[in-house]
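Please open the structure in your viewer and keep the selection panel at hand.

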Amino acid sequence: MKAQDLNEPHLPTLEQMQQWTQVVGRAQQLLLEQAAGATGRALPFDPDAVARIQTGFANEGLALWQRFLDSGGVLRDEPDAPPPESPAARKDRRFADPAWTKHPFYDLIRQSYLLLSDYLLKLTDAVDGVDPKQKAKLRFAASGMLDAVAPSNFLLTNPTVMEKTLQSGGENLVKGLQHMLADLEKGQLTQTDGTVFELGRNIAATPGKVIKETPLYQLIHYAPTTEQVLETPLVIFPAWINRFYILDLSPEKSFVKWATDQGISVFLLSWKSADASMKDLLWDDYIVHGQIDAIDTVRELLGVPSVHAIGYCVAGTTLAATLALLAARGEAEKVASATFFTAQVDFTEAGDLGLFVDDEQMQLIDQLSAGGFLDGRYMAATFNLLRGRDLIWNYVVNNYLLGQDYPPFDLLYWNGDTTNLPARWHKNYLTQLYRDNQLIKPGALTVDGTPVDLSKVQTPVYVQAGREDHIAPPESVWKITSHFSGPIRFLLAGSGHIAGVVNPPAAQKYQYWTCDELPGSLADFVAGAKETKGSWWPDWIEWIRSLGDSTVPATGARIPGDGALKAIEDAPGRYVRER
């Protein structure tokens with residue numbers, strides 16, 4: 001290169017890029033070898049695998065640079081796309097704006113990021129000789145880092161944001177700054193406009209009464225909408241880590257309203273958000289003084305021998321222990337059936353959430369729980385991290401960079417309505433169940449002094465899993481089927497942990513899969529399952545009725561507040577409003 005060329009703009013040739021690629025590869029190898037020598041240990045990589053990954057990355061990078069050179073650095077309507085098998089061709093909705101492909105420099109940034117992401121994740125997967133959980137942590141951290149540094153997250157490397165900034169004269173950035181400062185003040189990322197929702201009016205609005213209140217929960221009895229109701233009532237146990245009204249969102253999405261319209265007497269627990277008075281609560285309290293107490297209350301109120309029960313997420317885990325305790329006591333007949341919404345009892349394949357249960361995380365929980373309870377915002381942040389691309393960075397771009405107004409969305413409103421957790425019980429849940437997986441070991445755990453054994457449970461069970469669930473993966477939920485001894489119906493629903501459950505028939509969304517006979521593995525289930533379009537709720541109600549379809553008039557104690565337990569207040573009650 002001539003000296004006078006140094007101040008002239010130019011692009012490197014393909015040969016120069018190839019030279020630099022080789023230099024970077026050699027430098028990387030030297031650093032790896034130096035690290036191995038300093039530690040006195042062999043590199044935790046298969047050298048051949050790393051060589052293949054590096055070669056593939058170098059070839060892809062050179063091909064990308066050649067495409068860029070061929071473009072001439074000018075805008076084009078039909079860009080020279082990478083071959084379909086290239087990582088740079090991967091579809092990614094973060095780069096949906098046509099400017100990402102039409103503008104050669106943004107296209108170069110986009111494809112470079114996709115190639116680098118693929119390269120680093122392949123290197124992570126090539127790590128050898130480490131504990132599988134440590135390897136999973138490494139991949140989770142790498143994925144999180146790559147999500148954070150995506151070019152879509154920054155002003156100067158996002159063409160959509162740049163265009164909006166130029167059009168608005170920077171007003172979007174000022175509005176975004178207002179959003180960011182407001183979120184910093186409240187300590188939580190805002191995802192929706194909460195001002196349009198009001199508990200009891202357009203969300204959590206199914207008519208009913210609070211008929212019992214304890215220091216742990218309020219019991220809501222919903223008003224019947226049919227003249228006759230099933231003799232056996234339904235008691236719903238939502239997760240205490242969230243507000244109960246995920247099952248009673250807008251009337252169009254409410255499982256509670258739908259169930260009452262099917263002719264079921266519906267009762268539901270609204271758990272109290274933890275405060276310092278609940279610092280010593282353990283799972284015995286949620287099982288004995290929560291679930292069993294509610295079951296006995298409803299049985300006595302209506303004069304029935306048994307109830308149908310639903311446990312959602314972590315409440316499904318404790319419902320399994322409740323069934324085991326009742327079986328050990330000789331009282332299994334109190335529950336006619338148990339339904340599990342995306343719940344786990346065997347945590348050997350519990351997904352990425354299991355990465356948050358090491359000693360360091362437990363120490364952090366101790367530090368954050370000085371008052372005896374864990375602020376729900378920390379738990380919400382953990383769940384957001386599991387899908388950081390969708391639940392964190394998407395809102396960073398829309399709220400802070402684009403300065404967009406918050407859209408009204410009932411599901412996101414619920415997601416941001418956090419609940420505090422009893423610190424001692426929460427820590428025990430993470431260690432005894434997620435980390436040590438003691439619930440599936442007969443007698444390893446006790447409830448109220450009684451050892452529990454899931455294999456003794458013969459109650460008819462309905463198990464629902466979400467195909468795309470990232471909190472309770474279907475592989476983990478499936479394991480329930482090998483721990484109970486009674487009849488089991490397993491159903492795999494489309495979508496994930498929330499939309500897979502909250503899918504009303506009227507929406508005509510998603511699908512579900514079933515088998516007439518329960519196979520030996522989830523893979524066999526998927527291979528032989530029948531697919532049905534739409535909501536799985538009708539399948540569930542048909543299963544419930546198959547266990548006994550006798551009905552009674554919806555009068556007397558079937559009307560909230562008309563029985564021995566008088567109405568305390570209107571649903572949804574005061575516990576759900578406490579912060």
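This is a predicted model: local features need pLDDT of at least 70, side-chain atom pairs count only at pLDDT 80 or more; totals for chains, interfaces and linings use all residues.

Select Ala89 first: leaving aside its neighbours within four places in sequence, Ala89 is in contact (heavy atoms within 4.5 Å) with Pro82, Pro83 and Pro84. Ala89 is found in the loop between α2 (47-71) and α3 (99-102); helices here are DSSP runs of H or I with at least four residues, strands are runs of E with at least two, and both are numbered from the N terminus. Is Ala89 buried or exposed, or in between? Ala89 is partly exposed, because its relative accessible area is 25%; buried means under 20%, exposed over 50% and partly exposed in between, with a 1.4 Å probe and protein chains only.

Residues are numbered from 1 along each chain as its sequence is written, and side-chain values use heavy atoms, with hydrogens and water left out.

**The whole chain**

Show the entire chain as a cartoon. Its secondary structure comes to 18 helices and 17 strands, and the C-alpha trace spans about 95 × 55 × 50 Å along its principal axes. Of the 579 residues, 49% count as buried. Among the contacts with a separation of 6 or more, 80% are between residues 24 or more positions apart.

**The sheet**

Next, select the strands of the open sheet. Eleven strands form this sheet in the order β15-β14-β13-β12-β7-β6-β4-β5-β2-β1-β17, with mixed pairing; two strands pair if DSSP finds at least two bridges between them. The edge strands, each of which pairs on one side only, are β15 (530-533) and β17 (569-570).

Strands of a sheet pair through backbone hydrogen bonds, either parallel or antiparallel. For an antiparallel pair, select β2 (residues 217-222) and β5 (residues 266-271), which are joined over five bridges. Within this pair, Gln218 has Ser270 in β5 as its bridge partner.

For parallel pairs, select β12 (residues 461-466). Four bridges join β7 (residues 335-341) to β12 in the parallel sense, and six bridges join β12 to β13 (residues 488-493), also running parallel. Show Tyr462 of β12: Thr339 stands opposite Tyr462, and in β13 the bridge partner of Tyr462 is Arg489. How many of the six residues of β12 are buried? The count is six of six. Val461, Val463 and Ala465 point one way from β12, whereas Tyr462, Gln464 and Gly466 point the other way.

**The nonpolar cores**

In soluble globular proteins, nonpolar side chains tend to be buried together. A nonpolar core is a set of buried Ala, Val, Leu, Ile, Met, Phe, Trp, Tyr and Cys residues joined through side-chain atoms within 4.5 Å. Select Tyr245, Phe255, Phe340, Trp536 and Trp540, which touch the most other members of the largest core, a set of 126 residues. Helix α9 (residues 283-302) gives the most to this core, with ten residues. A second, separate core of nine residues includes Phe95, Tyr106, Tyr113 and Ala150.

Then centre the view on Trp536.

Select Ser306, whose place is in the loop between α9 and β6 (307-312). Ser306 counts as buried because its relative accessibility is 9%. Beyond residues up to four places away in sequence, Ser306 touches Thr232, Pro233, Arg299, Glu333, Lys334, Val335 and Ala336.

Move on to Val576, in the segment after β17. With a relative accessible area of 1%, Val576 is buried. Val576 and Tyr245 are 331 residues apart along the chain, yet their C-alpha atoms are separated by 8.6 Å. Again not counting residues up to four places away in sequence, Val576 touches Leu199, Arg243, Phe244, Tyr245 and Ser270.
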